[in-house]
Amino acid sequence: TGLVVAMDGPSGSGKSSVSRGAARALGLRYLDTGAMYRAMTWWMLQQGVDLADPAAVAARCGEPGIVSGTDPDGPAIHVDGVDVAGPIREAEVTGAVSVVAAVPEVRARLVALQREIIGSGDIVVEGRDIGSVVWPDAPVKIYLTASPEARARRRSAELAGTTVEAQQEALARRDTLDSTRKTDPLSMAAGAVELDTTALTLDEVIAEVLRLVKE
Ligand code: ADP
Ligand code: CDP
């Protein structure tokens with residue numbers, strides 16, 4: 001197995017920015033597994049699948065053709081040939097994704113796709129279960145954290161028309177769903193290094209990741 005950097009942690013801890021920056025600096029590919037769960041959720045909403053019914057989600061989750069790019073400068077994501085990079089960041093998808101991601105059949109399908117991509121060469125991969133489930137043999141595993149307040153501040157700085165308080169509530173809800181689901185809940189993988197980004201700048205975090213990779 002080659003160089004796989006597994007980057008896990010909760011929403012707003014800095015996974016996307018840090019992973020892309022590190023991949024760029026190292027000349028590696030980059031995979032955003034959260035975008036794949038978002039793409040699956042976008043498709044389910046388009047199809048009118050009842051997300052409250054896990055059996056209905058499981059029955060349909062093999063249908064969409066989900067294709068992820070691996071360029072850290074412009075991560076692409078398509079569903080059946082449609083570019084969904086914009087729509088998957090909308091509030092409707094963000095509000096529903098953790099429910100779809102809790103369905104074991106959805107996870108089995110997306111984890112298989114992720115393993116195919118990772119197996120084809122060196123890469124930085126971000127998600128919730130990369131170091132624990134998707135690629136437990138990754139030579140570098142990082143678990144990013146930040147205080148709930150810092151995470152909410154970062155998210156509200158990115159999104160127009162929201163408050164830090166509203167973001168903190170939304171993140172807490174997603175944290176609970178992600179860390180209490182029965183299949184592969186969010187948790188720190190064995191062998192992972194925890195990196196608290198609360199008091200660091202983005203560049204400082206990337207520098208620390210590069211140091212861990214070169215160790
Ligand atoms: P995640 O993928 O974990 O949800 P993102 O990378 O999408 O996190 O969001 C983090 C946001 O916070 C970005 O806008 C980033 O520029 C900003 N940020 C501020 N300080 C830091 C830091 N120390 N580490 C990472 N991101 C930071
Ligand atoms: O960018 P943000 O941190 O808000 O979320 P994301 O990384 O896009 O992930 C969206 C959701 O997908 C998470 O809240 C999880 O419910 C799910 N997810 C997952 O279950 N496993 C992964 N490896 C990645 C994401």
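Biologist: How many bridges pair β4 with β5, and in which sense?

Modeller: Keep in mind that this is a predicted model. Strand β4 covers residues 77-79, and V79 has V82 as its bridge partner in β5. Going by the bridges, the two strands pair over two of them, and the sense is antiparallel.

Biologist: Which strands stand at the edges of the sheet they belong to?

Modeller: That open sheet has three strands in the order β3-β4-β5, with antiparallel pairing. Each edge strand has a single partner, so one side of each is left without a neighbour in the sheet. The edge strands are β3 (66-68) and β5 (82-83).

Biologist: Which residue of β6 is the bridge partner of M7, and which is the partner of D32?

Modeller: β6 pairs with β1 and is also joined to β2. For M7, the partner in β6 is E126. For D32, the partner in β6 is E126.

Biologist: How many residues of β6 are buried?

Modeller: Look at where the side chains go. I123, V125 and G127 point one way from the strand, while V124 and E126 point the other way, and all are buried. For β6 (residues 123-127), that comes to five of its five residues.

Biologist: Over to the helices: which exposed residues does α5 carry on the face turned away from its buried side?

Modeller: α5 runs over residues 104-118 and reaches 21 Å from its first C-alpha to its last. Its buried residues are V106, R107, L110, Q114 and I118. These cover an arc of only 90° around the axis, which puts them on the same side of α5. The face turned away from that side carries A112, R115 and E116.

Biologist: Which element gives the most residues to the shell around ligand 1?

Modeller: There are 16 residues around ligand 1, and G14, K15, S16, S17 and R154 come nearest. α1 (15-26), α7 (148-158) and α9 (202-214) each supply at least two residues of that shell. With four residues, the one that gives the most is α1.

Biologist: And around ligand 2, which element gives the most?

Modeller: Here the shell has 15 residues, with S11, G34, Y37, A101 and G127 coming nearest. The elements giving two or more are α2 (33-47), α4 (91-101) and α8 (164-180). With five residues, the top contributor is α2.

Biologist: How many charged residues does the shell around ligand 2 have?

Modeller: Sort the shell by class. Four of its residues are nonpolar and six are polar, and the charged ones number five.

Terms used: Residues are numbered from 1 along each chain as its sequence is written. Chains are lettered from A and ligands numbered from 1 in the order in which they are written. This is a predicted model: local features need pLDDT of at least 70, side-chain atom pairs count only at pLDDT 80 or more; totals for chains, interfaces and linings use all residues. The expected span of a helix is 1.5 Å times one less than its number of residues. A residue is buried if 20 or more other C-beta atoms lie within 10 Å of its own, exposed if 12 or fewer, and partly exposed in between; C-beta atoms are placed from the backbone. The arc is that of the directions from the helix axis to the C-beta atoms. A residue is near a molecule or strand if its C-beta atom, placed from the backbone, lies within 6 Å of it. Ala, Val, Leu, Ile, Met, Phe, Trp, Tyr, Cys and Pro count as nonpolar, Asp, Glu, Lys and Arg as charged, and the others, Gly among them, as polar. Two strands pair if DSSP finds at least two bridges between them.
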